[in-house]
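Me: Hi! Could you walk me through this structure? I'll ask as we go.

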Amino acid sequence: MSDVAALELRDVHVTYRTREGPVPAVRGVDLSVFAGEVVGVAGESGCGKSTIVSTILRLFPASATVTGEVLLDGENVLTMRWGRMRAVRWGVASVVFQGALHSLNPIQRIGTQLVEPIFLHDKLATDNSAATKVRTLLEQVGLPARHADAYPHQLSGGQKQRVMIALALACDPQVLICDEPTTALDVMVQAQILELLIGIARERSMAMLLISHDLSVLGTSCDRVAVMYAGRIIEHGPARAVFDWPEHPYTRALSSAFPTIGDAASRYAPSGLPGDPPFPGDLPSGCPFHPRCPSALPVCPTVDVKLLPAGPGRTAACVLVDQSVPTR
Ligand code: ADP
Ligand code: MG
């Protein structure tokens, strides 16, 4: 394994300027993904997962202020020249977006859409070589090559998502970022698509960042997992260990909320906890989880706990882990 991470976030902060005031959606995130690794990011809606994704290829809106470093193979995306940034998109890293099913062009054949990034990035590509590549890509994602001639409306949701994955792979990136890639699909298809994605990432020794609100999916398919709450990572470690023996009460709630992959009931209360995560523009004092925490102590509204060692290769941000905070 190379000692430079394929993807590394260093103290990344993202604040959106809004009419109602600043919205600090991401508040100091550190995370790395090495080649050959699948790293998961879990957390309820609104915790800042997609905002993190937007920093990786600098796809955030102009209203966002981003600080820190976002490194792709050691190169900072945030300070990259525009021409280099264009080459990096698709070529070094690519994203399968949340709700991407709707981003295929309805009036263009699948093959035409797949060929576009290939020509953009490979100056030596010919009509023939690009068509061969399209066929190979479709087969890799489990679709018959003849689907190149299909229009998006002729495909099912699962087939369209396979096309989105083929698009993301078209320029052989080293880093693949998947933001809730299966949320819109039914349960059986979800499991197939995830298996496909992870299989491809492992086969190609890519670095993969997999975002999901479903910790059970991440716990069983990733190497490591980070759990986000209110714009921060509140627990991180080997995926299986974090899922099976959560240290943070929030992780514990997420872990017990998903008894089975894609459980329909848990979509409505994704954490199994009452209420919603806080709005980042108006965070509770101390630990932002304390108002919902089943294990909250009197000190919790007053201490802002940082990530601390919590077992082999693990960290968690909770007073129950922090020996230095008197809990009585
Ligand atoms: P997640 O992907 O975990 O659901 P997001 O990163 O989408 O979370 O959102 C985190 C927070 O940032 C939310 O409170 C959301 O409302 C806010 N947010 C996201 N995008 C914008 C934006 N363009 N302008 C203002 N606030 C935003
Ligand atoms: Mg999101």
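**Leu307 and its surroundings**

Reply: Happy to. Leaving aside neighbours within four places in sequence, Leu307 is in contact (heavy atoms within 4.5 Å) with Ile233, Ile234, Glu235, Thr315, Ala316 and Ala317. Please keep in mind that this is a predicted model, where local features need pLDDT of at least 70, side-chain atom pairs count only at pLDDT 80 or more, and totals for chains, interfaces and linings use all residues. Residues are numbered from 1 along each chain as its sequence is written, chains are lettered from A and ligands numbered from 1 in the order in which they are written, and side-chain values use heavy atoms, with hydrogens and water left out.

Me: Thanks! Where is the place of Leu307?

Reply: Leu307 sits in the loop between helix H9 (249-257) and strand S11 (308-309). Helices (H or I, at least four residues) and strands (E, at least two) are DSSP runs, numbered from the N terminus.

Me: And is Leu307 buried, exposed or partly exposed?

Reply: Leu307 counts as partly exposed because its relative accessible area is 37%. Buried means under 20%, exposed over 50%, and partly exposed is in between (1.4 Å probe, protein chains only).

Me: New topic: how many aromatic pairs are there?

Reply: The structure holds three. Rings of Phe, Tyr and Trp (its six-membered ring) pair if their centres lie within 6.5 Å; planes under 30 degrees apart count as stacked, over 60 as edge-to-face and the rest as tilted. One of the pairs is Tyr229 with Phe289, which is edge-to-face because the centres are 5.0 Å apart and the planes stand at 80°.

Me: Where do Tyr229 and Phe289 lie in the chain?

Reply: Tyr229 is in strand S9 (residues 224-229) and Phe289 in the loop between H9 and S11, so the pair links distant parts of the chain, 60 residues apart. Tyr229 is buried at 2% relative accessibility, and Phe289 is buried too, at 1%.

Me: What about Tyr250 and Phe289?

Reply: Their ring centres are 5.2 Å apart and their planes at 65°, so this pair is edge-to-face. Tyr250 is in helix H9, and the pair ties together parts 39 residues apart in sequence. Tyr250 is buried, with a relative accessible area of 0%. Tyr229, Tyr250 and Phe289 form one aromatic cluster.
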